[in-house]
Amino acid sequence: MIIKKRTIPIRIQKNDALLRRMPKNHKVRAKIEEDLARRWAGYRGEAALDFHLSKLSENEYMIFHGIRLTNGKYFFQIDTLILSAKFALILEVKNFSGTLFFDPQFNQMIQTTLNGEERGYPHPIEQANLQAEELKKWLSKRGFNLPVEFFIVISKPSTILRTSPGNSQINQKIIHSQYLISKIDKVSMSYKEKQLDIKTLKKVSKSILKEHTPESIDILKFYKISMDEILTGVLCPVCIAKPMERRDGSWLCEACRLLSSNAHFKTVADLFLLNNGVPVFNKQFREFLHLPSPHISRRILESLNLPQTGTGKGRRYLPPPSYQDFADLDIQLY
């Protein structure tokens, strides 16, 4: 049973919004594009597991995607967490192509890409070990005693895995995604007794959801970009040539002549993503969308049903509950 569904990470959404509204020749654009491509690859690798995870018994397993918890000072993040009455299982997903060599001597993973380039990364077993230890501590502090296992899952079946002779731990912990279910079955069979009853397992689930803390990053501050450098206005969903004009309750693109009733949805999501979710006044909203009057701005804000705080001139509008759902609403064209 999926308890916390997979969503596009907020960092991907923020990078995407930033690139959409940056000049093509901006000095840090290439850096953001590279970071976004890497994060999309990681997300797609995680999403590739969904087919395999769908084969797990819904009555036996609880699945959480994208969990971020803390034991105090630091946060630890888990790609996918699977809970059962017998054990907890962390899945650390890697979406690499080419050949991966796991070097136990230098504790490193070396990728040889399809074009022959070599790249070094931290050893994923060490990373997953740390996550497992943090999760054990987290569970123990809340009175839950549950063994914690982990697998490093390589999402591409074509990726070649290699290691030094005698490094048997690799075979036990690093697997291709198509073998995931059989590996989980073996782990389950190795634990003869249930550690938690159903009632306690549900308590663990509630605690995870309650204490999950989504990543928060001021993307403009991170890349040292000011709001003055950002392209504002409602961008045409087809040609993205220039901001659209508000005409008789609709949006018109003068470049391609597209007419839309709600092309502003993605722009509203961009505004909150780029200002780090800070509530906005009518004036800020009006200026970002290039609206001609406070009345039109307020009317659009009210139609969006955004959460509000304050009254009168002090009224501010909070971001939508889900940027992803809000930005992905179908654009109605005329």
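Reply: The largest nonpolar core has 32 residues, and those with the most contacts inside it are Leu81, Leu83, Ile90, Leu135, Leu139 and Ile208. A nonpolar core is a set of buried Ala, Val, Leu, Ile, Met, Phe, Trp, Tyr and Cys residues joined through side-chain atoms within 4.5 Å. Buried means under 20% relative accessible area, exposed means over 50%, and partly exposed lies in between (1.4 Å probe, protein chains only).

This is a predicted model, in which local features need pLDDT of at least 70 and side-chain atom pairs count only at pLDDT 80 or more, whereas totals for chains, interfaces and linings use all residues. Residues are numbered from 1 along each chain as its sequence is written, and side-chain values use heavy atoms, with hydrogens and water left out.

Two or more residues of the core come from each of strands E2 (62–70), E3 (75–83), E4 (88–94), E5 (99–103) and E8 (148–154), and of helices H4 (124–141) and H7 (198–211). Helices (H or I, at least four residues) and strands (E, at least two) are DSSP runs, numbered from the N terminus. Helix H4 gives the most to this core, namely 6 residues. Leu83 shows the packing in detail: leaving aside residues up to four places away in sequence, Leu83 touches Glu60, Tyr61, Met62, Phe64, Ala88, Leu146, Leu201, Val204 and Ile208. Here, contact means heavy atoms within 4.5 Å.

Of its 5 residues, 4 are buried, so E5 is largely enclosed by the rest of the structure. E5 runs antiparallel to strand E6 (residues 108–112), to which 5 bridges join it; two strands pair if DSSP finds at least two bridges between them. Within this pair, Phe102 stands opposite Met109. The hairpin of E5 and E6 has 4 residues between the strands, and Asn107 takes a positive phi near 55 degrees there. E5 also runs parallel to strand E9 (residues 160–163), through 4 bridges, and the partner of Phe101 in E9 is Arg162. Strands of a sheet pair through backbone hydrogen bonds, either parallel or antiparallel.

Helix H6 (residues 180–190) also has buried residues: Leu180, Ile181, Lys183, Ile184, Val187 and Ser188. Seen down the helix axis, these fall within an arc of 160 degrees, so they line one face of H6; the arc is that of the directions from the helix axis to the C-beta atoms. The face turned away from the buried side carries the exposed residues Lys186 and Met189. An α-helix has 3.6 residues a turn, so residues three or four places apart point the same way. The cover over the buried residues of H6 includes helix H3 (50–53), E3, E4, E8, helix H5 (168–173) and strand E10 (174–176).

Elsewhere, helix H10 (residues 282–289) and helix H11 (294–303) pack at an angle of about 100 degrees, with their axes 9 Å apart. Axes are lines fitted to C-alpha atoms, for helices over the stretch in contact, and angles run from 0 to 180 degrees between N-to-C directions. H10 and H11 are therefore roughly perpendicular to each other; angles under 35 degrees count as roughly parallel, over 145 as roughly antiparallel, 65 to 115 as roughly perpendicular and the rest as oblique. Asn282, Phe285 and Arg286 of H10 meet Pro294, Ser297, Arg298, Ile300 and Leu301 of H11 in this contact.
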